[in-house]
Amino acid sequence: GAPDPTAGASIDDDNCWHLDEEQVQEQVKLFLSQGGYHGSGKQLNLLFAKVREMLKMRDSNGARMLTLITEQFMADPRLSLWTQQGTAMTDKYRQLWDELGALWMCIVLNPHCKLEQKSSWLKQLKKWNSVDVCPWEDGNHGNELPNLTNALPQGANANQENMGQCKSLEHQHLPAHKFLEEGESYLTLAVEVALIGLGQQRIMPDGLYAQEKVCRNEEQLISKLQEVELDDTLVKIFRKQAVFLLEAGPYSGLGEVIHQDSVPMHAFAKYLFTCLLPHDAELAYKSALRAMRLLVLESMAPLGDTSHPHHIASVVPNRYPRWFTLSHIESQQCELASTMLTAAKGDVQRLETVLESIRKNIHSSSHIFKLAQDAFKIATLMDSLPDITLLKVSLELGLQTVPTAALSLLSSNPALHKL
C-alpha cells in the first residue's frame, strides 16, 4: 500500500499532524485516473478515514486534507466529459461525492471552530459550487431516466409507506460532564439527536438519486438506532421526542399540518411504534396513526370536495412523476399499517382506529388487499380460536378492494360467514 501521508505528532505537539500535501494529491489523482480500479479505491477510503480521525482529534489539518482531496475531484477531466456528453456519473463515483459532502458537513458544523475558519470554508465551498462541472446532488443532467429495478436495494448495499469496514462498537453510556442535565450521556444525546433528525419535516427532493438517498439514509440511521438496547433513560427520551414531534409546529414531520410534498414518516414511525409500544401504547399508536399520511396522493385522489375538478387535474401531472420512489414509500406505509394491525389483535377499539386510518390514507388497491391478507393471517395464527374482530377487519379491507378478494377470504374461512 501507499505510505501514510500523515505522520504522528512529536512529543511537544498537541493533536497536530504533518501533512504531505503532494502525496495526498497524487493518491487522489491516481485513483481518478484509474477510474477506481486496481485497488486505488482502498487508498481513497483510507484518506477519507484519516480525515475523520483528524477531525475526531480536532486537528485543523483535517480540513486542509479534505480541501486537497476535493480540489482533485473538481479537477477530474471526466466531469467535463460527462457534462458535454449528457452522461450521468456512475453510482460508485457519486457515492464518493456523497462522502465528500458528509465530511464537509462534519467540518462546518464543528462547534470548536472559529467563525473566521467557517467563513473561509463557506467561501471555498461557494467557489466550488459555482464551477459548471460541479456535480449536483440530483445529478448534472435532467434527462436521467428512472431505472427503479432494484435501485434502492443496490444503493443500500453499495453504501454498506463503507459502513462494513468499521468495527461495530458496543453502545454504552459515557458520562458527559459538561452538559447541564443530570444523567445525560453521549449515548442519550446521540439517540435524541437521531430522533430529532428523523422526525424533522423535509421536502422530497426532485431527482431520482436524491430521493433514493433520502430513503437510504433514513434506513441506515434507523438500523444504527436498532443496535442500541433501550433502557429506562432512553425510553424517557423516546417519549419526550414523540410528544414534542406530535405537538411541534412546521419543523416536525409528525405535526398536525405538513406540506403535501413532505417526506413521509412511515419507516421512522414504525420504529418509534415498536419502541414505545411496551412502555406507552397510547403514545405509540398516536405517533403511528399521525404518520400514516401520504399527502402527495391525497392531493391527487378526488376525495371529499369535488366541486373543483379542474384544480385536481392541474395538480396531478406536476407532482406525481417527481416521486420516483413512490412505490417504495407506499410499501413502507403498508408495513406501518400491518405492524399496527398485528399489535392491535384482540383490541376492538384499536383495530377500528387502524382500519379507519387505512381507509383514509392508503390509496393502492394492491396494498389494501395485502393488509387484508395480513389481517387474516394474524387472526388465524396458532391453534387458538380465530380473532373474529380481526377477521372482520380482513373482510372489510377485502371488500374495499375488489369483490373477488372478499369472496376469496370468505371461502377460505367459514367463520367469516357469521359476520
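Predicted model: local features only at pLDDT ≥ 70, side-chain atom pairs only at ≥ 80, totals over all residues.
## Cysteines, chain and cavity

**Cysteines**

- Cysteine 215 has a relative accessibility of 4%, so this residue counts as buried too.
- A disulfide is a covalent bond between the sulfur atoms of two cysteines.
- How many disulfides does a search of the whole structure find? The search turns up 0.

**The chain overall**

- If you trace the chain, you'll pass through 19 helices and 2 strands.
- The chain has 419 residues, and 44% of them are buried.

**The largest cavity**

- Rolling a probe the size of a water molecule over the atoms shows where empty space is left.
- The largest cavity here has a volume of about 100 Å³.
- Which residues sit closest to the centre of the largest cavity? They're Ile258, Ser262, Val263, Pro264 and Arg293, out of 15 residues that line this cavity.
- Two or more lining residues come from each of these elements: helix H12 (281-291) and helix H13 (295-298).
- Sort the lining of the largest cavity by class and you get 8 nonpolar, 5 polar and 2 charged residues.

Methods: Residues numbered from 1 in each chain as written. Heavy atoms only, no water. 1 Å grid on protein atoms, 1.4 Å probe; cavity = no way out; pocket = protein on both sides within 12 Å on 5 of 7 lines; lining within 4 Å. Points joined across faces, edges and corners; volume = space filled by probe spheres on them. Helix = DSSP H or I, 4+ residues; strand = E, 2+ residues; numbered from the N terminus. Nonpolar A, V, L, I, M, F, W, Y, C, P; charged D, E, K, R; others polar. Disulfide = S-S within 2.5 Å. Buried < 20%, exposed > 50% of the residue type's maximum accessible area, 1.4 Å probe, protein only.
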